Amino acid sequence: MQVDPRTPPTNVQWTTYAGMSIPQADQGPQASQQTVSPTGYQHNGPGAGLAAISATIRMSVAPDQEWAQIAGALAAPGPGRDSWSLERTQISITSAVPDGQAPQVLGYLVDDYTPERAVISIITSNPDRSLTSTTTTVAWSPPGDWRRVLPDPNAPNPVNPVKALDAVPPQMIPLTAP
């Protein structure tokens, strides 16, 4: 059954990982919801949006003992994941984001969608009340789940995926507050 990619997820609930709130809904994750690298997102726009948010947050704040498992399960294989993994070994994260310091996901935009690939802009409110948009690409990958596509470090004209916003975009797909 085809679902409009901009259809909001249903029955949104929130889980916490390393001090960050992450949405989950009927569209995913369906498997291993309580693990550090949950999978099982529906093959549609809401599933892509939820997978993009979860992978982006988890890869951003994963502690030293979990980042490799998260990258292996949630990132698409390729030069971007390889480069990210090498860079991640150069830093150490040993604690969760402190209370009151975590950005809050407000919702997302589906910038582009095909059944094979989706470009999602994650809209967040930061502790200082500023707004940002973080663009993440996910690809439908074997064995059948959305995986985050990390930028190829050798690609020409790299683009900063994070942009400051003046206001919440009117076309944002809102997620209920945690």
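The residues lining the largest cavity divide into six nonpolar, one polar and no charged. The classes first. Ala, Val, Leu, Ile, Met, Phe, Trp, Tyr, Cys and Pro count as nonpolar, Asp, Glu, Lys and Arg as charged, and the others, Gly among them, as polar. The lining residues are P38, Y41, A51, S54, A55, L74 and W146. Helix α1 contributes the most, three residues. The volume is about 30 Å³. A search of the whole structure finds one cavity of 30 Å³ or more.

Ground rules, quickly. This is a predicted model, where local features need pLDDT of at least 70 and side-chain atom pairs count only at pLDDT 80 or more, while totals for chains, interfaces and linings use all residues. Residues are numbered from 1 along each chain as its sequence is written, and side-chain values use heavy atoms, with hydrogens and water left out. Helices (H or I, at least four residues) and strands (E, at least two) are DSSP runs, numbered from the N terminus.

Cavity and pocket come from a 1 Å grid over the protein atoms alone. A cavity is a set of points where a 1.4 Å probe fits but cannot get out. A pocket is an open set with protein on both sides within 12 Å along at least five of seven lines. Lining residues have an atom within 4 Å of a point. Points are joined across faces, edges and corners, and a volume is the space filled by probe spheres set on them.

Now the largest pocket. About 870 Å³ of space lies in it. Of its 35 lining residues, T134, T135, R148, P151 and P161 are the closest to the centre. Elements giving two or more residues to this lining are α1, α3, β4 (117-125), β5 (131-141), β6 and β7 (162-165). Strand β5 supplies the largest share, five residues. By class, the pocket lining has 17 nonpolar, 13 polar and five charged residues.

Next, helix α2, residues 67-74. Which residues of α2 are buried? W67, I70, A71 and L74. Buried means under 20% relative accessible area, exposed over 50%, partly exposed in between, with a 1.4 Å probe and protein chains only. Down the axis of α2, the buried residues fall within an arc of 95 degrees, so they line one face of the helix. That arc is taken over directions from the helix axis to the C-beta atoms. Their cover includes β1 (13-17), α1 (45-61), α3 (79-88) and β6 (145-149); contact here means heavy atoms within 4.5 Å.

On to the rings. The whole structure holds three aromatic pairs. Rings of Phe, Tyr and Trp (its six-membered ring) pair if their centres lie within 6.5 Å; planes under 30 degrees apart count as stacked, over 60 as edge-to-face and the rest as tilted. W67 and W84 are edge-to-face, 5.7 Å centre to centre, with 75 degrees between the planes. This pair links helix α2 to helix α3, with its residues 17 apart in the chain. W67 is buried at 14% relative accessible area, and W84 is buried at 18%.

Y113 and W146 make a tilted pair, 6.0 Å centre to centre and 55 degrees between the planes. Y113 sits in strand β3 (residues 104-113) and W146 in strand β6, 33 residues apart. W146 is buried, at 3% relative accessibility. Ring pairs link Y113, W140 and W146 into a cluster. W146 also lines the largest cavity.
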